[in-house]
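Please read them beside the sequence and the structure.

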Amino acid sequence: PGNPRHTNRLINEKSPYLLQHAHNPVDWYPWGQEAFDKAKKENKVIFLSVGYSTCHWCHVMEEESFKSKEIGEIMNKHFVCIKVDREERPDVDRVYMTFVQATSGGGGWPMSVWLTPDLKPFAGGTYFPPEDRFHRVGFRTVLLRIAEQWKENKDALLESSHRILEALRQTSEIHAQGQESPPPSKEVMDTCFQQLSRSYDEDYGGFSQAPKFPTPVNLNFMFTYWALHQTTPEGARALQMALHTLKMMAHGGIHDHIGQGFHRYSTDQHWHVPHFEKMLYDQGQLAAVYSRAFQISGDKFFADVARDILLYVSRDLSDQVGGFYSAEDADSYPTTTSKEKREGAFCVWEAKELQALLPDPVEGATEGTTLGDVFMHYYGVKENGNVDPMQDPHEELKGKNVLIARSSPELTAARFGLEPGRLDALLRAPRPRRPRPHLDSKMLAAWNGLMISGFAQAGAALAEQGYVQRAAQAAAFLRTHLFDPDSGRLLRSCYRGKDNSVEKSAVPIQGFLEDYVFVIQALFDLYEASLEQDWLEWALHLQHMQDELFWDPKGFAYFSSEAGDPSVLLRLKGDQDGAEPTANSVTVTNLLRAACYSGHMDWVEKAGQILAAFSERLKKIPIALPEMARATAIFHQTLRQVAICGDPQGEDTKEMLHCVRSVFSPNKVLMLADGDSAGFLYRQLPFLASLERKDGKATAYLCSNFTCSLPVTSTQELRGMLSP
């Protein structure tokens, strides 16, 4: 609105989510000392609302409750109200989500929590309707009840909050028991495989019925399980489950067939009707997974999907300076004159729209066939819409179609009398001329790390140098805008400013464990794709800094946040691989790679200590930690160093490198010994100086624990040696 009736102090923030609430009639505060002091001075309960800018139900609760003048007056009278962007402050989100999940059995966003003035939680939930509905208590009622309880029973609430916090502290503690060893990899891998197999959907792929999430950690686990069991029926099944899931996802409505990229998750078993937001962390992980699927299968289909994802990110989630934006919203205006946003409006179609857009006759097809006929048949478009009403409780998609590949290219071609090879060119529609969804232009170190890995791994596997260059551009962006060279530390976030500038908060948020872990992983991936040693040097520096800031020397493993912030009541260790892998899972492999590139064997010891700390969980329910289960196998197998001796510009060297990059081998690291004895890698690993080219040709050595095999100059022989 041009002249908003209300403006609160969130107007001074940078987070797109906080700015969305800057004109609510609620006296919102950002998380910080000013709000805490006010709560203590006025002896008021804190109402903490946590969400993110592309969260559909966060929008709903804002429209229904936070924009209500009456509810705003209740909130302002009885509470100190704080808004938190969970993507900016995952540490705050994690503490209170642990409480909500423990006390309600569920969680999600928006998260609504009531705290004592000293920040201890005593009541909480997620979305509340504004008024009492059916069997659900309304937000207005909850606010008034809690205000009354605080007035009448404050001491009981304080005592309760203290007991709750102590219970959370005890139940959330993760540490190694005595001299516990890392669990045996065979037991962990086999149990995880069996647990995932039992949850697998034979028809549509995926590892649940509905809702269905992409969950790349499960697919990466299956690829590693296959690589280590290639000749067994279990190995074949692992590969079949992963590839079938990836194909069904790519055919489904969760994949944007016109605008590219993947939506957040499917609300149904068939991957058809998604929640339409698009998250950067999904694109980064899925680009890497589809690239691995191509490496393993050689099927161009998977390479094309990886390219599709990277096209979307390059076009719609890329900052001109080089970073990657966080997300696109699910909700948007159906037309330029619409007054209300609707979920999926940018991505869904009416049959008559497509007929009008694609009226041209198809040459060589059955008489009377138009482009629209072919397109609508292939993508399952129906006159009255193809969305099951059960998946559309608010009737936002009534009469609309979510595109899903319902027919094979061969059957579609046969139906219209076409050659199958012509179909790809016919299955294209213009991008919709509709208002775009809201873009969250916040740039996070962790998610940029995941996306750099996606570009780097795709560039290596698909032999696309442009992708490697894009990864390097983003890494340079991180070093310029999200790294403080004076302290040697990462920052969490920066923001798109005016005229393509990059802005930071007045008090920048320091990086969390996940920022270090995903950026270090990205830099290792980028080194292997580019062989530029600067990235390796920075990765090892960040690993040392991560150890200093987050390592738990008593219980082992890394805390998610650093010590020293009194407003974060618990230092937690994530124990579940979900939409993103938990940081401790990824850091096991990071530490093993760091040891291979540096010779610092204490990092191998740390990797083992992390596995020991999570040993009980890995033995009992490894399905909760598939990425860490995968890392357990790599730890016990020992990473192998593939050292290529040769001129980086020589064709024979390039062939060797292409051979290594085209093979999926989860327990290898790649390095180039190019004779530069003054280079960073030679200083770290003096044994590289003893490796020589054989007969003047590019030569490969397979090394384990810094002891190398006989030299190999044949790519065929090298390919055989790379099998796990």
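The model is predicted, so local features need pLDDT of at least 70 and side-chain atom pairs count only at pLDDT 80 or more, while totals for chains, interfaces and linings use all residues. Residues are numbered from 1 along each chain as its sequence is written, and side-chain values use heavy atoms, with hydrogens and water left out.

1. Tyr52 and Trp109. Aromatic pairs are rings of Phe, Tyr and Trp (its six-membered ring) with centres within 6.5 Å; planes under 30 degrees apart are called stacked, over 60 edge-to-face, and the rest tilted. By this rule the count comes to 34 aromatic pairs. In one of them, Tyr52 and Trp109 have ring centres 6.2 Å apart and planes at 75°, so the pair is edge-to-face. The pair links distant parts of the chain, 57 residues apart: Tyr52 is in the loop between strand E2 (45-51) and helix H3 (56-66), and Trp109 is in the loop between helix H5 (90-104) and strand E4 (111-115). Helices (H or I, at least four residues) and strands (E, at least two) are DSSP runs, numbered from the N terminus. Tyr52 counts as buried at 12% relative accessibility, whereas Trp109, at 28%, counts as partly exposed.

2. Trp109 is joined to Pro110 by a cis peptide bond, with omega about 5°. Pro110 lies in the loop between H5 and E4.

3. Other aromatic residues. The rings of Tyr200 and Phe207 have centres 5.6 Å apart and planes at 50°, so this pair is tilted. Tyr200 counts as buried at 6% relative accessibility, and Phe207 counts as buried at 15%. One aromatic cluster is formed by Trp28, Phe47, Phe66, Trp114, Phe128 and Phe139.

4. A cis bond at Pro211. Ala210 and Pro211 are joined by a cis peptide bond with omega about -5°. Pro211 is found in the loop between helix H8 (185-199) and helix H9 (216-228).

5. Positive phi values. Most residues other than glycine have a negative phi, and most peptide bonds are trans. Gln260 has a positive phi, near 70°, and is placed in the loop between helix H10 (233-251) and strand E6 (265-266). Asp695 also has a positive phi, about 55°, and its place is in the loop between helix H26 (680-684) and strand E20 (699-704). Is each of these residues buried or exposed? Gln260 is buried, with a relative accessible area of 13%, while Asp695 is exposed at 66%.

6. Helices H18 and H19. The axes of H18 (residues 465-481) and H19 (residues 513-530) come within 10 Å and cross at roughly 140°. Axes are lines fitted to C-alpha atoms, for helices over the stretch in contact, and angles run from 0 to 180 degrees between N-to-C directions. The two helices are therefore oblique to each other (under 35 degrees is roughly parallel, over 145 roughly antiparallel, 65 to 115 roughly perpendicular, and the rest oblique). Where heavy atoms within 4.5 Å define contact, Val468, Ala471, Ala472, Ala475 and Leu478 in H18 meet Val519, Leu523, Leu526, Ala529 and Ser530 in H19.

Definitions and conventions:
Buried means under 20% relative accessible area, exposed over 50%, partly exposed in between (1.4 Å probe, protein chains only).
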